[in-house]
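These are my notebook entries on one structure. I record below what I looked up and what I found.

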Amino acid sequence: MTTQDLTSHAAVSGSTGKDLTGGAQKSLGATTVTGKTGAAEPAATRGKTSIADVVVVKIAGMAAREIPGVFDMGGGLSRTIGAVRDRVPGGRPNVGRGVKVEVGERQTAIDLDIVVEYGVPITDVAHDVRENVISAVERITGLEVVEVNVAVNDVHLPEDDTADSGGETRVE
């Protein structure tokens, strides 16, 4: 890539350590996009922009939860721990539960664990989740999403809600 390319398109590099190209660096858990420095350079290209992995996790988690048919996210243990955390006063829901990301140079790959509502077409929900996550992450971060893997871990049944509401017990 030429110096002109770096000036007009902030490049992202997955290397760690010294940045010899004026491009970008990846530090632990973040992608850094750098431009040129100096008064002669356009204002938009002066300085660095860092995108931490947790940013991509949160964006992907929010985008996946927006899709009708997604009941919850995460595996069994993480959902159990999350339910306890959600009931603690002052606790906040973890939007990153069930989301794993790998952020590279200019790209990211995302793995999602979801629970779908009973009766919804799973392939349609997975397609809609994939489409919404890719759109949101690319729009907000500027990173290219190379893949979104959706794992459906469970199906939420309507009677799952009534079982916790104090139905009949077998003993008195």
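Which residue forms a salt bridge with K100? I found that D113 does so, its closest N and O atoms being 3.5 Å apart from those of K100. For this term I used the rule that a side-chain nitrogen of Lys or Arg lies within 4 Å of a carboxyl oxygen of Asp or Glu.

I note two points on the source. The model is predicted, so local features need pLDDT of at least 70 and side-chain atom pairs count only at pLDDT 80 or more, while totals for chains, interfaces and linings use all residues. Residues are numbered from 1 along each chain as its sequence is written, and side-chain values use heavy atoms, with hydrogens and water left out.

**Entry 1: the pair D113 and K100.** I looked up where the two residues lie. D113 is in strand β6 (residues 107-117) and K100 is in strand β5, 13 residues apart, and the pair links distant parts of the chain. Strands (E, at least two residues) and helices (H or I, at least four) are DSSP runs numbered from the N terminus. I then checked accessibility, where buried means under 20% relative accessible area, exposed over 50%, and partly exposed in between (1.4 Å probe, protein chains only). D113 counts as buried at 17%, whereas K100 is exposed at 51%.

**Entry 2: the other salt bridge.** I counted 2 salt bridges by the rule above. R97 and D72 also meet through their side chains in such a bridge, at 3.0 Å from N to O. R97 sits in the loop between α3 (76-87) and β5 (99-103), and D72 sits in strand β4 (residues 70-73), 25 residues apart. R97 is buried at 11% relative accessibility, and D72 is buried at 18%.

**Entry 3: strands β5 and β6.** I looked up how these strands pair, which requires that DSSP finds at least two bridges between them. β5 and β6 run antiparallel and are joined by 5 bridges. A hairpin of 3 residues connects β5 to β6.

**Entry 4: T108.** I found T108 in strand β6, with V103 standing opposite. T108 is buried, with a relative accessible area of 1%. Its side chain reaches the backbone oxygen of E102 at 3.0 Å. With neighbours within four places in sequence left aside, T108 is in contact (heavy atoms within 4.5 Å) with residues including V56, V101, V137 and L143.

Note on methods:
Polar contact = N/O pair within 3.5 Å; in protein donor to acceptor, adjacent residues only side chain to side chain.
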